[in-house]
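Hello,

Here is the structure I said I would pass on. My notes on its pockets and on one helix pair follow below it.

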Amino acid sequence: MADQQLLLGQTLHYHADPFVAGVADAAVHQRRGGVLIGDGKIIEVGDGDTLRAQYPQARVHDYGDGLITAGFVDAHVHYPQTAIIASWGKRLIDWLNTYTFPEEMRFSDAEYAAEVADRYFDLTLQNGTTTTCSYCTIHPESVNAFFQKAQARGLRALAGKTCMDRNAPDGLRDTAQSAYDDSRALLSRWHGVDRLSYVITPRFSPTSTPEQLEALGALWAEHPDCLMQTHLSEQVDEVEWVHDLFPEARDYLDTYERFGLLGPGAVFGHAIHLTGRERGRLKDSGASIVHCPTSNTFIGSGLFDLDGLMSEGQRIGLATDTGGGSSFSMLRTMAAAYEIAQLRGRALHPAELYWLATQGAARSLRADDKIGNIGKGLEADLIVIDLASTPAISQRTARAEDIWQALFPTIMMGDDRAIRAVWVGGTPR
């Protein structure tokens, strides 16, 4: 085939979940590997020299010692907060009122929404992220802008209109009916088009009345092939607020469960302060949890129990949570996850961290049959990592005795300079 291309370099992919199978049985590293791609998909993965001999017609891209992996998957973001990332000094509720809500009001302007979406995808691609799952604003214009810019770049992307009908400024409130109607119309326009997926998106229980949560639960029941995303148990004072707003609920998770917003395809951001019942129901229902470590530290939310939740068999992904998170980089996000786990007494292995940022995050979005790994038939979203991108990283990598010692300094100290190449759907960006 004329369009076949062969990427050569070190390769890293997964046969299994390293949290379950262990690193030795889960991760596969080839010192001189190859990835053959064509028509936007991965055709073969294997020894580089063997693939070069088998497919002499393929165009070769030799990255030398560069590490070829799946592109990063960012499972929980707020693209409308791009311009307010790293704003100083607020906890969750104050953050929303001081920074988030004023900025989100601007997204009724389609041109402004398009400008920010452009900038957002430029930044994420520079950092090696090839798929994101984003909250938009209440404005359909914000959803259209996100999907249009993702579509133009050939990205696999997920997003939804954020629904709020209380405890938000006048310019950011919809109603139960308009949330249903707008979401349904946007879903009909975008879901399943090219590589795009619509996600039903109540912001969180405090900003939705029971009537709105019920309406969105009804919409999800009508379209169970969509994901549903929201926030859960991010901060202690938020949990207390939810208890005051929903005194009849057993716990925070119950404010979603009673309205049909819990089940396979539910994606809950944060989930730090969970009760035993909530942990059990999340596991039993097949829902996903997304760990947002830079956000959890930046706004003082708490220390996520990754090790405990993984040992229970929870479905967990990783995310930047920009702009509450303080970086667009999944490398920095992995570093923060490592540091938080250390504070809880667990040193995460580099293979576990990298899995969370690729296949684990894709699995949390129920997209691991398409993205998040290097494997035959998967979509060719790939990145090439420079394992010596700065003098500090290079001098540490020079002492490495295996791939994990070589990769870990980039996880802990790397940034966009470590991203040597990005391929989206089999096309270099």
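In this predicted model, strand 2 (27-38), strand 4 (59-70) and helix 17 (403-413) each contribute at least two residues to the lining of the largest pocket. That lining is made up of 16 residues, and those nearest the pocket centre are Gln10, Arg31, Asp65, Leu387 and Thr397. By class, the lining of the largest pocket holds six nonpolar, four polar and six charged residues. The space in the largest pocket comes to about 230 Å³.

For the second largest pocket, the volume is about 150 Å³. Its lining includes Arg156, Leu158, His191, Ser197, Tyr198 and Asp225, along with Cys226, Leu227, Leu365, Arg366, Ala367 and Lys370. Strand 7 (156-160) and strand 9 (196-202) are the elements that give two or more residues to this lining. Six residues of the lining of the second largest pocket are nonpolar, two are polar and four are charged.

Now the helix pair. Helix 14 (residues 330-343) and helix 15 (residues 350-364) have axes that come within 10 Å and cross at roughly 130°. The crossing of helix 14 past helix 15 is right-handed.

Which residues of helix 14 and helix 15 meet? From helix 14 they are Met330, Met334, Ala337 and Tyr338, and from helix 15 Leu353, Tyr354 and Ala357. This contact has seven nonpolar residues, with no polar and no charged ones.

Regards

Note on methods:
Residues are numbered from 1 along each chain as its sequence is written. This is a predicted model: local features need pLDDT of at least 70, side-chain atom pairs count only at pLDDT 80 or more; totals for chains, interfaces and linings use all residues. Side-chain values use heavy atoms; hydrogens and water are left out. On a 1 Å grid over the protein atoms alone, a cavity is a set of points where a 1.4 Å probe fits but cannot get out, and a pocket is an open set with protein on both sides within 12 Å along at least five of seven lines; lining residues have an atom within 4 Å of a point. Grid points are joined across faces, edges and corners, and a volume is the space filled by probe spheres set on the points. Helices (H or I, at least four residues) and strands (E, at least two) are DSSP runs, numbered from the N terminus. Ala, Val, Leu, Ile, Met, Phe, Trp, Tyr, Cys and Pro count as nonpolar, Asp, Glu, Lys and Arg as charged, and the others, Gly among them, as polar. Axes are lines fitted to C-alpha atoms, for helices over the stretch in contact, and angles run from 0 to 180 degrees between N-to-C directions. A crossing is left-handed if the near helix is turned anticlockwise from the far one by less than a right angle, and right-handed if clockwise. Contact means heavy atoms within 4.5 Å.
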